[in-house]
Amino acid sequence: MSKKYIKFPFASFVVLWMLISFFAGDVLAASASTPAGQAEATFRLPQYEKFVMKNGLTVYLMEQHEVPLVNISAAVPAGAVKDNDKYGLAFLTAEALLFGAKSFTKTQLEEKLDFLGTTYYTNVDGEMARLTASFANKDVDIIMPILKEILVDPIFDEKEFDKRKKRLMLELEQEKEIPGQVMESYFNKFMFGEHGYGNPVGGTKGTISAISNEDLKKFYQANYKPAESVIAVVGDFKTPQVKKMIEKWFGGWKAKTGEGSQGAAEKPLPTFAKSRVLLVNKDDATETRFRIGTLGIKRSNPDYVAIQVINTILGGRFTSWLNDELRVNAGLTYGARSNFAAYKTSGTFYVSSYTRTERTIEALDLAVQVLERLHVKGVDAETLVSAQNYIKGQYPPDYERLGDLANLLTDMFIYGFNESFINDFQENVEGVTVEKAKEIIAKYFPRENLQFVLIGKGSEIRDKVKKYGEVTEKEIKAEGF
């Protein structure tokens, strides 16, 4: 599910890093094989202390002394699934945490944290809202009470809300001009319907225009509760010292009076008895962007790692079958991939790519053929070993940075998995045999009743895509998704 970030100074660096990881990953994986006679080092989650405070707040403390930094990740189960019909409410509420607190205006807050060299932001996805900060360890006693005020004592400044609301309305209009920015919202809505996982994280122009600052306050009161939340602190500190700080500053956090916001999240998940097509018409499009998929897995699925191994072969790396066929061999696109987006209680699987308008059907047919090939031919031992080496080579660097570890700990709490994901990762990767791969493919990779979402020039492809299933058409300039 898409995420919305509020403040992240190094965003461009992250995008660059993702691109490098994707295109250079196979080169890195080549070095992941273990030389003869040497034992492979097993990466394990560093030791941490976990405790639950009297108010129910769960806390993880993990000492890491390589660099003099501290990272904090605080997560609250207050994502877009809680929006009901006020799409974007969770997003705006999380943004408003940075509009000022009991002792700071927005400007004072920014000046104080920037002066201390703090990197901080809030982000929202379907499942949760998260406040993250990274700063020098010498400032932990200064930063901790500030973060407490942001999370526990926001003031929801009316003027700042009005300014952000106006900017967001413009952003939502501009996003519709770039299909890649709205594809996930169209896809999730088509997959999940009225279930909360179909809620567009950033909202729509119509829903945002109707949201008031008072709505934010009510949403906060209903959903920001210590007993449902988690804080992880990772970095260069002494556990007893930081534990006392957490207890001092967050021990007084009490749930506000407010009814829960659960309606859309608790609606039943849809089932698909047939293939369907959503065609989003963009009259000036010269290419078609598409996703082909269905519902997927929840994040705590015990086969999560094995599924990632097989997906690496299908579309999870540059030399995947999908990228080889659609990009390298057929020249239909600059890239094709597949992915499992896993949430707390469900998720999606999809194949995604884009192509010139006149080659839309060729690209769609080829993508479906590659997915079918996975079922018909399966994977051989050589291909499987290559994927296993690749994913083992990619995985430890994902958790080398302090912020990654802090977010992992909060993810464990929110999504309901534990450290075995890390500690048993290598064993689970290597445990995928050719026979096990067949079972994983049959169980988790779709073959029938596929769902198609396309954004492109309807007049050129409308009649041609009818062969894939019943077609529903929308205009990209129309309200919502």
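Q: Which two strands form a hairpin with five residues between them?
A: In this predicted model, β2 and β3 form that hairpin. G56 sits in the turn and has a positive phi of about 95°.

Q: In what sense do β2 and β3 pair, and over how many bridges?
A: They pair in the antiparallel sense, over four bridges. Strand β2 covers residues 49-52, and β3 covers residues 58-63.

Q: Which residue in β3 does K50 stand opposite?
A: K50 stands opposite Y60.

Q: What strand do six bridges join to β3?
A: That is β9, residues 230-235, and β3 and β9 run parallel.

Q: How many of the six residues of β3 are buried?
A: Five of the six are buried, so to count as buried each has under 20% relative accessible area. The strand is mostly covered.

Q: New topic. How many cavities of 30 Å³ or more are there?
A: The count comes to three. The largest cavity holds about 50 Å³ of space.

Q: Which residues line the largest cavity?
A: The lining is made of I72, A74, L131, M144, L147, L151, I231 and F250.

Q: Which element gives the most?
A: α4 does, with three residues.

Q: And what is the lining like by class?
A: It has eight nonpolar residues, no polar ones and no charged ones.

Key: Residues numbered from 1 in each chain as written. Predicted model: local features only at pLDDT ≥ 70, side-chain atom pairs only at ≥ 80, totals over all residues. Heavy atoms only, no water. 1 Å grid on protein atoms, 1.4 Å probe; cavity = no way out; pocket = protein on both sides within 12 Å on 5 of 7 lines; lining within 4 Å. Points joined across faces, edges and corners; volume = space filled by probe spheres on them. Nonpolar A, V, L, I, M, F, W, Y, C, P; charged D, E, K, R; others polar. Buried < 20%, exposed > 50% of the residue type's maximum accessible area, 1.4 Å probe, protein only. Pairing = 2+ DSSP bridges.
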